[in-house]
Amino acid sequence: MQVILGASGQIGRELAAQLKRDFTSEIRLVSRQPKKVNETDQLFRADLLDATQARQAVEGAQIAYLTAGLPMDTQLWVDQWPTLMRNVIEACAAHGTKLVFFDNTYMYPQTAAPQTEETDFLPYGEKGRVRAAIARDLLGAMAEGRVQAMICRAPEFYGPGKTQSITNSTVLENLLAGKSARVFLRDDTLRSLIYTPDASRAMARLGNTPDAYGQTWHLPCDDNRLTYRQFVHLAAEIFDVKADYKVVKRWQLRLAGVFNRTIRDAAELLPRYAVDNIFVSDKFKSRFPDFNVTTFQQGLTVIRDEKAGA
């Protein structure tokens, strides 16, 4: 049995499909309102903030994937992420379940320096500090031998389905709707973007590779990094729309944040858009040389075709 904790998001749903395709038909989907991805999926309603429910959700599973997400609300992250991580670690420890944690890069320095699995944590803002803290909690439990686990880290997303990311919401969705895309701060810095099906496919592979545990892994991205200017023009060409976009300046975002809490809570992420973002996934690619990373051309074509068939 393999269980997905926080199975309702795009990563969790794509993970369920990938596990069924390549590894197992015994899959339990856990969330507050779980829905089947595969006909054989087991559904389990649980609130991972409740320690008892977290233990019940993990019981009987050999591997648990923590793919849960929280809304872009800083105080919610501060209040809930440490509890959620602690409950999941204790649940996996109690049942001898391996844990695969799907993580982001908020704890890394927001500079142009290449990011590897060895990059020191230097968070900017409360959300980054929370993510650094829960990653350290898991690394501590791993070092103490309390749980057999790994961290799978990904940069910003783009992808099909209900992928939630700044790139999807401000660039791709606007272009597909015939509107002007919005680019934060600069259009000439290189971006590392991961295609959501690749993230889930890579995580399924890692979770079912016994010698991958006890480590941090950067999930694989297309190394042909593009600036947002190049990305918008490529997307517009594939979508057959005008490559229209505007660069939103820092002062404009600061002003919008006065009236919009979501924008205000995302403000701590802005420095990363002012510099190149070089997320390095060479470790994964060396370990799994047969893994085919989706190119931007391929990924954007899938998004176009999905929209056309909607």
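**Figure 1. Packing of the buried residues of helix 5 in the predicted model.** The buried residues of helix 5 pack against strand 7 (156-158), strand 8, strand 10 (193-195), helix 7 and helix 11 (296-309). Helix 5 runs from residue 166 to residue 176 and is mostly covered, with 8 of its 11 residues buried. These buried residues are Ile166, Thr167, Asn168, Thr170, Val171, Leu172, Asn174 and Leu175. After helix 5 comes glycine 178, which has a positive phi, near 75°.

**Figure 2. Helix 6 and its buried residues.** The buried residues are Thr196, Asp198, Ala199, Ser200, Ala202, Met203, Ala204, Leu206 and Gly207. The length of helix 6 can be checked against its residue count: at 1.5 Å a residue, its 12 residues should span 16 Å. The C-alpha atoms at its ends are 17 Å apart, which agrees.

**Figure 3. The crossing of helix 1 and helix 6.** Helix 1 (residues 10-22) packs on helix 6 (residues 196-207) at an angle of about 50°, and their axes are 8 Å apart. The two helices are therefore oblique to each other. The crossing of helix 1 with helix 6 is right-handed. Helix 1 contributes Gln10, Ile11, Glu14, Leu15, Gln18 and Leu19 to the contact, while helix 6 contributes Thr196, Pro197, Ala199, Ser200, Arg201, Met203 and Ala204. Sorted by class, this contact of helix 1 with helix 6 holds 7 nonpolar, 4 polar and 2 charged residues.

**Figure 4. The crossing of helix 2 and helix 3.** The axes of helix 2 (residues 51-58) and helix 3 (residues 74-95) come within 8 Å and cross at roughly 45°. This angle makes helix 2 oblique to helix 3. Helix 2 passes helix 3 in a crossing that is right-handed. On the helix 2 side, the contact is made by Ala51, Ala54, Arg55 and Val58; on the helix 3 side, by Asn87, Glu90, Ala91, Cys92, Ala94 and His95. The contact of helix 2 with helix 3 has 6 nonpolar, 2 polar and 2 charged residues.

**Figure 5. Leucine 185, a residue with positive phi.** Most residues other than glycine have a negative phi. Leucine 185 is not a glycine, yet its phi is positive, at about 70°. This leucine lies in the loop between strand 8 (181-184) and strand 9 (190-191). Leucine 185 has a relative accessible area of 10% and is buried, because the cut-off for buried is under 20%.

**Figure 6. Aspartate 240, a residue with positive phi.** Aspartate 240 has a phi of about 60°, which is positive although the residue is not a glycine. Its place is the loop between helix 7 (228-239) and strand 13 (245-248). With a relative accessible area of 70%, aspartate 240 is exposed, because the cut-off for exposed is over 50%.

**Figure 7. Leucine 270 and its contacts.** Leucine 270 is found in the loop between helix 9 (261-265) and helix 10 (282-287). At 8% relative accessibility, leucine 270 counts as buried. Apart from neighbours within four places in sequence, leucine 270 is in contact with Gln110, Phe184, Leu185, Arg250 and Leu253. Asparagine 224 is 46 residues from leucine 270 along the chain, and the C-alpha atoms of the two are separated by 23 Å.

Conventions. Residues numbered from 1 in each chain as written. Predicted model: local features only at pLDDT ≥ 70, side-chain atom pairs only at ≥ 80, totals over all residues. Heavy atoms only, no water. Axes fitted to C-alpha atoms, helices over the stretch in contact; angles between N-to-C directions. Helix = DSSP H or I, 4+ residues; strand = E, 2+ residues; numbered from the N terminus. Parallel < 35°, antiparallel > 145°, perpendicular 65-115°, else oblique. Left-handed = near helix turned anticlockwise from the far one by under 90°. Contact = heavy atoms within 4.5 Å. Nonpolar A, V, L, I, M, F, W, Y, C, P; charged D, E, K, R; others polar. Expected span 1.5 Å × (residues − 1). Buried < 20%, exposed > 50% of the residue type's maximum accessible area, 1.4 Å probe, protein only.
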